[in-house]
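Look over the sequence and the model first, then read on.

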Amino acid sequence: MSDNPHSHLPDSFIDFLNRNGLDPSIYAVQSIPRYIRYYYYYLIIHSLRSVERHIDCKPQKVEWLPGFFAIPAHVQIAGSKSYRDGKIYGMDAASGAAVMALNVSAGDHVLDLCAAPGAKLCMLLDILGDSGSVTGVDIARHRLAACRTMLQKYALGDRCRLFVADGTLFSLLPSEGHFKLTYANKYEEKTDIYKEWTPKRSWKERKRSSRARNVSASQLVPRAQEAELIFYGPHSGVVGISRTELFQIASGSGPFDSGYDKVLVDAECTHDGSIKHIQKFEHWGWNTLERRVLDAQRTDVLTYLQLQLLTNGFRLLKVGGSLVYSTCSLTVAQNEDVVEQFLSGNTSAELQEINAAAKWPCKIGRLPKTLRFDPLTSQTSGLFIAKFKKLAL
Ligand SMILES: C[S@@+](CC[C@H](N)C(=O)[O-])C[C@H]1O[C@@H](n2cnc3c(N)ncnc32)[C@H](O)[C@@H]1O
C-alpha cells in the first residue's frame, strides 16, 4: 500500500486543489460519520430507544448542533422503521449548521432559493413549527417533485409553497403580503381562487402548468411570471387567494416592505467539498471529473450563476432581514470571490458574524466572518457559509 494518503486521487484533481489553495489531506479522510436528525416533535414526545433499536446502533449526540446525532458511516438508515415512519432523516451536520446560521424565529417568512432535494427546507419548516412560512424554489422540476414527496412523508408541508422557477429571476413575495385584496381581484373569477391543494390538478391548472413547462423548455431561462406552483400547504397563505394575488411580482431592485425575513441561497456548485461526491468518481471514472468539477469554463458559468442567485435572493429580502449563502464547494472562486463581488455591488449588504458558530468545529474562511467546514477539521462534509444583513440605506 502507498504511503501517500492522496495516491487514490488523480494528478489533475491534486492540481485543481493546489490551484485553489486547498489541502489535499482533506480528501485523505476516507470516511466521516453519517449524521441523522430527529424531528423535533419526535425528539420531545418519544424515547430515543426505539430509533436505536431500529438502526441497531447508539447514535452519538452532536453537542454543537441541536437535534443531530452521529452514527458510523456504514450504518444504513433507509431501510429502518424510524426512517420509513418519518422520525429521522439523514443530513450532514454542516448542512444543519447552514440552516442554524439563518437564526430562523417564530413567524418568519423564509425563502429557500435552491431548495431541492429539500433537507434544509424540511429543517427550516421543522424549526418554524406552526408559524411563518417557507417558500421553496428550484429550477429542476424532478428534484423539486422529490422535495414535495419528502414534505408529505414527514408531514411538514403545512406552511410551505414550492415553485419550479429560476432563482435568479424569481420575484414572488411571501404569502403574508397576499392577504391585502386588491381592487382588480375582487372581480376575478371564483374558479381562480386557490382551494386546498390536491395532487389531482384541475384541467385549467394542468394546462397552465404544461404551458409554463413548454415556455421554460423553449427559453434558456423562464421569466419570473412563469414560476410554476407545484405544491402548497393549507397554511402557506395560498388557499383562499387568487392567482393574481399569488403572482404579485416584486419588481425593481427593492427594498420591499413585504420581502422575506430570511433567505437561504444554498447555491448550485461543483460539490468538491463532499468526499462522498468525489469518491463517486472512482465508479464514474476519474476522466469525467474534468467535465464535472475541474473545467474552468464550468466554474465561470457557476460563479456567474451563484452571484445572480445571491443578488436576487438579497433583492427579495426585507430590510433588517438576513441571508445565508452556502455552497458545498471549497474553492475560493465559488465562495469568498462571489461574496466579495456581491458586497462590492450591494452597499446595503453587510457581512455578519454567525453568533451560533462560536462552538462549531469549523475554520474562518479567507474573509473574516465567513466559515468553512471540511472533513478534516469538522468531521463533516465540506461547506462554506456566509451570512449577510440587509441595511436600510
Ligand atoms: C446544492 S443543491 C441544493 C440543496 C438543497 N438546499 C438541500 O438542502 O437539499 C443546488 C440546487 O440548485 C438548483 N439550481 C440550479 N440552478 C438554479 C437556478 N437558476 N434557480 C434555482 N435553482 C437552481 C439545482 O437544481 C439544485 O437542486
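Start at a loop. Pro117 sits between strand S5 (109–112) and helix H6. The peptide bond that joins Ala116 and Pro117 is cis, with omega about 5 degrees. Most peptide bonds are trans.

Keep in mind that this is a predicted model. The protein has 15 helices and 14 strands. Of its 393 residues, 44% are buried. Take the contacts with a separation of 6 or more: residues 24 or more positions apart account for 77% of them.

**The ligand shell**

Which residues are closest to the ligand? They are Cys114, Lys120, Ala140, Gly167 and Asp266, and 19 residues surround the ligand in total. Two elements give two or more residues to this shell: helix H6 (119–128) and strand S6 (133–138). By class, the shell holds nine nonpolar, four polar and six charged residues.

**Helix H5 and its partner H6**

Helix H6 also has a neighbour, helix H5 (residues 93–101). The two axes come within 10 Å and cross at roughly 50 degrees. The crossing of H5 past H6 is right-handed.

Which residues make the contact? From H5 come Ser95, Gly96, Ala98 and Val99. From H6 come Ala119, Lys120, Met123 and Leu124. The residues of this contact divide into five nonpolar, two polar and one charged.

Is H5 buried or exposed? Nine of its nine residues are buried, so H5 is largely enclosed by the rest of the structure. The buried residues are Ala93, Ala94, Ser95, Gly96, Ala97, Ala98, Val99, Met100 and Ala101. After H5 comes Asn103, and its phi is positive, near 55 degrees.

**Positive phi away from glycine**

Most residues other than glycine have a negative phi. Asp56 has a positive phi although it is not a glycine. Ala155 also has a positive phi and is not a glycine.

| Residue | Phi | Loop |
|---|---|---|
| Asp56 | about 60 degrees | between helix H3 (49–55) and strand S2 (60–61) |
| Ala155 | about 50 degrees | between helix H7 (141–153) and strand S7 (160–164) |

How many C-beta neighbours does Asp56 have inside 10 Å? The count is 10, so Asp56 is exposed. Ala155 has 12 C-beta neighbours inside 10 Å. A residue is exposed if it has 12 or fewer, so Ala155 counts as exposed too.

Ser251 lies in the loop between helix H10 (243–246) and strand S9 (260–266). Ser251 has 9 C-beta neighbours inside 10 Å, which means that it counts as exposed. Ser251 and Leu316 are 65 residues apart in sequence. In space, C-alpha to C-alpha, Ser251 and Leu316 are 9.7 Å apart.

Technical notes: Residues are numbered from 1 along each chain as its sequence is written. This is a predicted model: local features need pLDDT of at least 70, side-chain atom pairs count only at pLDDT 80 or more; totals for chains, interfaces and linings use all residues. A residue is near a molecule or strand if its C-beta atom, placed from the backbone, lies within 6 Å of it. Helices (H or I, at least four residues) and strands (E, at least two) are DSSP runs, numbered from the N terminus. Ala, Val, Leu, Ile, Met, Phe, Trp, Tyr, Cys and Pro count as nonpolar, Asp, Glu, Lys and Arg as charged, and the others, Gly among them, as polar. Axes are lines fitted to C-alpha atoms, for helices over the stretch in contact, and angles run from 0 to 180 degrees between N-to-C directions. A crossing is left-handed if the near helix is turned anticlockwise from the far one by less than a right angle, and right-handed if clockwise. Two residues are in contact if their C-beta atoms, placed from the backbone, lie within 7 Å. A residue is buried if 20 or more other C-beta atoms lie within 10 Å of its own, exposed if 12 or fewer, and partly exposed in between; C-beta atoms are placed from the backbone.
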